[in-house]
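Let's take a walk through this protein chain, starting with the overall picture and then looking at a few strands.

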Amino acid sequence: MGLKWPLSFLLLFTIYATDPASGQIDLDGIPGTVWLEDSVPPGTTVANFSVKCTNSSHLPIVVPKNIIPTTSFFNPPNALSVDTYQVSLSSSAALDARKVNQYILAYSVRCADESTEVQLFVQVIAADKLECSSRSADIGRMPIQVPEDATPGLYIYIPVLKRESKGPLKFTIEDASLPFQITSDGIVQAPATGFSHEQAGKIFSMNIVVSDDNGTSCRMPITVEVLPVYHNQVNFTETSVARSVLENTGPLKEIIQVHATGENVRYQIVSPDTIYFTINPETGVIMNTYNLDLERHPGLAQTQLLVRAYNMLHPSDSASITVNITVKPQNLLGPLCSPALFVTDIPETTPTGTALWPLSCVDAVGDNSSLHYQIEDGQSPIYSFRMDGPVLKVNTTLDTELMGTLYFQCKAVILVTDSGSPPRTTRVPVLVTVSPVNEYPPQCLRRSFSVPENSGFGEFFGNASGLDRDYPFNNLEYNILETEAGPPTLFFIGRRTGLLYALGPLDYERKKSYHLTISLKDVDNDANRLEQSTTLCNITINVQDVNDNPPVCEPPFEERSIYSTQARTVSVTQLHCTDADERSELSYSIVGGNTNGRFRLEGDRLFPNTFSYNRDGIFDPLTFELLIQVTDSRSAPALSTTATVIVHVTPWTTTVPTPATTTTTVSKEPIILHRTVEYWSPDPWFVVILTLTGIFLFSALGLLLWCLRWRKAQGEMSQPFQQNQEKGLERNYIMAEEPSKEKDKGSAEMPSLHHQFDGRAQDPVTGQDYLFDSSSGARRWL
Ligand SMILES: [Ca+2]
Ligand SMILES: [Ca+2]
Ligand SMILES: [Ca+2]
Ligand SMILES: [Ca+2]
């Protein structure tokens with residue numbers, strides 16, 4: 001407790017004599033003086049005293065009256081027993097002799113009707129003891145807050161000891177690694193280099209150790225929080241911007257947008273205080289609030305706004321920019337041009353560069369010479385026109401043939417621009433119609449044609465259409481010009497097609513070619529329909545030969561008589577047939593009457609084969625009616641005709657005197673019977689001929705029978721024909737007689753010979769032919 005004295009109290013009593021009948025107060029220990037060191041803890045007993053009521057049965061009552069100086073360090077007197085009271089330090093007592101060294105505690109004591117007032121003097125004595133602070137004082141203490149950007153060496157904390165001991169004190173920070181420094185007086189300072197960025201926001205706890213020379217020490221816990229400091233971020237990249245706008249563009253048009261870097265940036269117009277401009281706080285877009293009309297408000301021509309951008313959460317973080325706004329007057333009127341529309345017609349042959357029209361324009365505000373003329377994009381056809389100053393000129397070939405259309409229209413718009421601000425423009429539409437011109441005459445393409453001679457009426461055989469390079473292309477009319485002989489009757493040409501047709505009749509054999517003149521006249525080639533060109537074309541039409549004529553034989557009917565012994569190499573007759581067609585190739589064939597194949601044809605010549613008049617075998621007819629077909633071509637189409645040759649064969653026998661050595665040249669070739677079954681439709685005249693021939697045949701047969709009977713009557717004297725016994729498998733007559741070189745004459749002498757000689761033979765020695773009479777044996781050398 002450190003008291004200079006034990007807990008005994010010196011009480012100074014002031015006794016007031018009272019009436020015993022009314023009670024007497026007996027006090028012990030009070031009033032008096034008590035000495036306390038200021039280091040005593042709360043709850044320490046300050047003094048005990050007793051109070052008794054001596055003349056009364058009443059219990060004494062002690063009531064605290066006041067404390068000088070006023071304090072709450074002392075508890076009210078606590079009754080330990082009926083008459084004993086105790087005064088103690090309260091829980092909040094913190095005696096400090098340096099502040100108050102004496103307290104006077106006054107109490108009122110009463111017994112029945114008697115009362116008295118007593119005082120207790122408490123002397124506070126400074127204690128010699130090092131003491132930092134009470135533990136309870138540190139509980140819940142807020143940390144010391146220091147900004148991040150605190151000045152290096154800034155005093156952060158000055159320790160206050162609850163009680164210092166006499167003699168020097170030493171102060172240290174228990175954890176030397178902490179970034180704080182401490183002076184010899186115990187003052188905690190910020191680091192000599194200031195706080196780093198990493199240390200911002202951290203809380204440092206430390207103990208300050210205080211020690212004295214006596215080895216006594218105590219600890220003072222402190223907590224330091226380094227508060228982070230906000231750094232300005234809002235900034236503009238430029239110090240000023242400028243923008244020009246046109247007047248009378250209406251309200252709420254965006255003029256310019258300013259942009260500042262940083263977070264949570266908001267914008268405001270700081271100055272001037274204007275009603276014509278506003279800024280969107282979030283986007284920084286500056287707009288005009290009213291229509292900017294320079295006529296009504298000339299002061300709007302130039303405005304300088306000071307715009308501030310700031311961080312919404314740190315308004316002090318801000319930056320400013322100057323915005324210069326210039327409002328320009330509008331150029332409202334464009335040039336005036338006369339006329340306002342240009343319409344004309346030009347021929348397609350208008351040369352490139354031709355000036356069509358000088359445009360006359362007047363600028364309402366500026367100089368006419370500053371007007372600019374140009375063709376607006378999108379003219380049709382493209383590049384048709386161009387402007388040479390105010391003059392409209394043809395820029396390209398306006399060719400109907402290239403365009404592929406008649407009377408096409410060229411459309412364009414001339415833009416006339418002045419030099420105002422903004423430039424104003426007047427549009428002048430141009431409509432030019434291009435009319436066609438007949439530039440090219442018709443041309444002939446083909447001059448030679450062929451037509452078969454047998455072409456039917458109206459049959460197409462050639463295309464004589466021509467060429468015309470004007471659009472519409474090849475639009476021609478065709479006509480065949482009349483000749484001296486009159487209008488054309490054999491041919492016809494399509495009036496609009498140029499196609500050639502045959503009307504006929506044509507005959508290659510009569511006329512092989514025709515020369516015609518056709519006219520080609522163009523139609524609708526020119527804006528003036530009368531502007532037509534005509535071209536004459538001389539064409540040749542060659543008639544093509546067709547096999548349209550059958551062969552003709554002259555005569556068509558022949559009659560010949562021969563001996564059966566006529567040599568095979570001697571022709572019976574030669575047909576004389578012709579064909580009117582040029583390329584005919586006649587071929588001959590026997591188509592009828594060639595009984596037993598006794599005749600053959602070699603070309604147009606008729607030759608006999610060997611006859612057989614064997615009464616016991618084959619006996620050929622004595623008259624052959626040969627039908628010979630003559631064909632004019634070996635390929636289709638082929639025409640044919642039939643000639644008739646009637647051949648009378650007189651059988652002739654001969655004997656050979658020397659049978660063994662007879663150099664008989666009899667050929668033992670087998671008889672080949674040719675049987676030709678063909679359908680043949682004879683001409684009517686042939687039926688007549690056939691009938692006449694039949695009558696003649698029967699007459700001849702009757703004559704022959706009569707002759708045979710006559711000969712049989714004389715046959716007993718005649719020698720039989722020598723037969724070839726060695727090889728005679730057949731009883732054929734030997735016919736070795738060569739044809740007579742005097743055939744023509746011989747045929748004329750035939751009747752007389754027939755009466756004198758009845759055989760013919762060859763002398764085996766000399767080889768000379770002779771006639772002999774089988775009845776008389778007479779010979780006649782030939
Ligand atoms: Ca033409
Ligand atoms: Ca043309
Ligand atoms: Ca013919
Ligand atoms: Ca012909």
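## The chain as a whole

Among contacts in the protein chain between residues at least 6 apart in sequence, what percentage join residues at least 24 apart? The answer is 69%. Keep in mind that this is a predicted model.

Of its 782 residues, 22% are buried.

Strand E34 covers residues 425-435. In a regular strand, side chains alternate between the two faces of the sheet. On the covered face of E34 you'll find Thr426, Val428, Val430, Val432 and Val434. The uncovered face carries Thr425, Arg427, Pro429, Leu431, Thr433 and Ser435.

E34 pairs in both senses. With strand E27 (residues 342-347) the pairing is parallel, over six bridges, and Asp345 has Thr433 of E34 as its bridge partner. With strand E33 (residues 409-417) E34 runs antiparallel, joined by nine bridges; here Cys410 sits opposite Val432.

## A three-stranded sheet

Further along, three strands make an open sheet in the order E36-E39-E38, with antiparallel pairing. Its edge strands are E36 (459-463) and E38 (491-493), each of which pairs on one side only. On average, neighbouring strands of this sheet are turned by 30 degrees against each other, ignoring direction.

E36 and strand E39 (residues 499-502) are antiparallel and linked by four bridges.

Notes: Residues are numbered from 1 along each chain as its sequence is written. Chains are lettered from A and ligands numbered from 1 in the order in which they are written. This is a predicted model: local features need pLDDT of at least 70, side-chain atom pairs count only at pLDDT 80 or more; totals for chains, interfaces and linings use all residues. Two strands pair if DSSP finds at least two bridges between them. Helices (H or I, at least four residues) and strands (E, at least two) are DSSP runs, numbered from the N terminus. Axes are lines fitted to C-alpha atoms, for helices over the stretch in contact, and angles run from 0 to 180 degrees between N-to-C directions. A residue is buried if 20 or more other C-beta atoms lie within 10 Å of its own, exposed if 12 or fewer, and partly exposed in between; C-beta atoms are placed from the backbone. Two residues are in contact if their C-beta atoms, placed from the backbone, lie within 7 Å.
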